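Hi,

Here is the structure for your files. Please have a look, then read my notes below.

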Amino acid sequence: MEEEYVLLKGNEAIAHAAIRCGCDGFFGYPITPQSEVLETLSLEKPWETTGMVVLQAESEVASINMIYGGGASGKRVMTSSSSPGIALMQEGITYMAGAEIPGLIVNVQRGGPGLGTIQPSQSDYNQATRGGGNGDYNTIVLAPASVQEMADFVDLSFELAFKYRNPAMILSDGVIGQMMEKVKLPPFKARLTREQIEERYPWAATGRRSGRTPNIFTSLDLSPVVMEEHNKHLQAKYAEIREKEVRYSTYKTEDAEILIVAFGSASRICKKTIELCREQGIKVGMIRPITLWPFPTVAIRELAKRMKQVFCIEINAGQMVQDVRLAIGDTCPISHYGRMGGMVPTPEEIVNVIKQ
Amino acid sequence: MTKEELISPENIVYEKPRLLNDVDMHYCPGCSHSMVHKLVAEVIDEMNLEERTIGICPVGCAVFAYRYIDIDWVEAAHGRAPAVASALNRMWPDHLVFTYQGDGDLACIGTGETIHALNRGENITIIFINNAIYGMTGGQMAPTTLMGMKTSTCPYGRQADLHGFPLPITDMAATLNGTCYVTRQAVHTVAAINRTKKALRKAFENSLQHKGASLVEIVSTCNSGWKMSPIKANEWMEQELFKAYPLGDLKDLEEGVIK
């Protein structure tokens, strides 16, 4: 098939990738800076082509519960929102984790706390990687650093969500959501039929065929003995995800003496920083966690062993740096630099931090 | 004739519905839930829908409904059943998707989801158990608690200045463009049970024929929450609850919602 390159905003790329990857339904509520996802889907009318459902829900609370219901049906369903809306969705996300319902949540982050601002931020890192709702659970979190990755991570997120029957999140931000880049669109994948879903996902609520036991989705059991066993099962699953699904990339770490740890849009800014530093003879490299949960703890620990200094650059007050500290301990000095409230650091600003 | 001779297939006049599981229910003796469960199971069986039915449980007394009816179920967060059902039905448009909710779930914490699912004309059935009290948590005030009615959170009786007014959510539902069938029934007599069964069947047929949203309210007893004997609870329901929530159809569009 001929490769299709198009110029798209990150949010538009999410929408096109969803239509192409066999997504069965999108349920969302408008909020800046992610509204283009629902707008693009509404304009594309996939219900007339692939049969994908697109519904503007009455709230983020309703949206996430639609994902809960749609995911229980064994279909690929997703929502997208931005920080305050994602906060509202936490109830549904913990119910999905508890009832082991797959689904995709896209967070195009903006500055907080509260209503905050509409400019970019990475200050939902803790919320995303620690679960965010009540109870002991984790959400698989992927952090795109380009419009291409916005497109690519849609299918990947669904694959992981269904592999582990767990909610997955794309943790983006207003920079990646709003900027335009060249994207190679993923190939079209057919939506699954009822028979295919019954075969692949025998756990799904498809209507109880004669002879099978009912498929029941609940996160409730009044017996603490049963609930502890359920929690142990979830924890074993999370351990397997930690073992198998860590993803990261490195940049100019071979000869580096200083290591930057940055994800998403901050990692793009840091690429320029590294270029500027190297022009001045400062050997800086970077590791970019692609999965924020599971976190690339071992990779960071190993790299840090041969570094003089580690800088954690985030667009927040210092959230991922806690995971970096857990990874490195006292083996190498660690500093954090970040901006807040919708302000984004410049490459030069970070160069100055490193030089000091 | 001995008892053994009497027990033969040709003499059966009443039996447990096939889709009702043979387990003890957690409902209090005298509660309306078990009767409504039985009717739901019967109608699904009679309509031969078990292979394409998905029920949504609420949070409240019916939280364990999935233990009792032998179909696929999704347990929703408190109040969110209509949102869950909306998506499930859009994923499986030819399935019967119904929610089963109490007054706190449907008319308080889930008012937004209820009104919007109905107003979108989702092809779902909402079964609404209205007993004017929170049963599961032990008898607190509900959105449908009557003026003057005593509960553990309005122990001196519901007063407008303190608690506001009962929410007429079923009447509201009848005004929405997305609803094709809104009815209020009960299960306190044999005749009422028969009418409720017919109403459930009509609602399920509407859903399958994509006629829009159907709401079947069933005014119910909560003798434990009301602190009454089952007999007294039935009498009080007829005397007081039916005054505020009169039985009958509020809306019935034969042709369904024109979308």
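In what sense do S1(B) and strand S3 of chain B pair, and over how many bridges? S1(B) and strand S3 (residues 96–102) of chain B pair in the parallel sense, over 4 bridges. One residue pair to look up: B:Ile54 stands opposite B:Val97 in S3(B).

Some ground rules. This is a predicted model, in which local features need pLDDT of at least 70, side-chain atom pairs count only at pLDDT 80 or more, and totals for chains, interfaces and linings use all residues. Residues are numbered from 1 along each chain as its sequence is written, while chains are lettered from A and ligands numbered from 1 in the order in which they are written. Helices (H or I, at least four residues) and strands (E, at least two) are DSSP runs, numbered from the N terminus. Two strands pair if DSSP finds at least two bridges between them.

**The sheet with strands of both chains**

S1(B) and S3(B) belong to an open sheet of 8 strands. The order is S9(A)-S2(B)-S1(B)-S3(B)-S4(B)-S8(B)-S7(B)-S9(B), with mixed pairing. S9 of chain A and strand S9 (248–252) of chain B stand at the edges. Each has a single partner strand, so one side of each is left without a neighbour in the sheet.

Strand S9 (residues 216–217) of chain A runs parallel to S2(B), and 2 bridges join them. A:Ile216 has B:Trp73 as its bridge partner in S2(B). H3(B) lies across S1, S2, S3 and strand S4 (125–130) of chain B. H3(B) runs at about 175 degrees to S3(B). (Axes are lines fitted to C-alpha atoms, for helices over the stretch in contact; angles run from 0 to 180 degrees between N-to-C directions.)

**Chain A against chain B**

The contact takes 33 residues from chain A and 29 residues from chain B. (Two residues are in contact if their C-beta atoms, placed from the backbone, lie within 7 Å.) On the chain B side, strand S1 (53–57), strand S2 (72–75), helix H3 (81–91) and helix H5 (111–119) each supply at least two residues. H3(B) gives the largest share of that side, 8 residues.

**The sheet in chain A**

In chain A, 7 strands form an open sheet with mixed pairing, in the order S3-S2-S4-S5-S7-S6-S13. Strand S3 (53–56) and strand S13 (291–293) of chain A stand at the edges. Neighbouring strands of this sheet are turned by 20 degrees against each other on average, direction ignored.

S6(A) and S7(A) pair in the parallel sense over 3 bridges. A:Val141 has A:Met169 as its bridge partner in S7(A). Helix H7 (residues 147–164) of chain A lies across strand S5 (103–109), S6 and S7 of chain A, and runs at about 160 degrees to S7(A).

**Two domains in chain A**

Chain A is divided into domain 1 (5–184) and domain 2 (248–355). These bounds come from an automatic or database domain assignment. The C-alpha centres of the two domains lie 26 Å apart. Their contact takes 25 residues from domain 1 of chain A and 21 residues from domain 2 of chain A. On the domain 1 side, H6(A) gives the largest share, 4 residues.

**A helix pair in chain A**

Helix H3 (residues 60–72) and helix H5 (residues 90–99) of chain A pack at an angle of about 15 degrees, with their axes 8 Å apart. Among the residues making the contact are A:Ile64 and A:Tyr68 of H3(A), and A:Ile93 and A:Met96 of H5(A).

Best wishes
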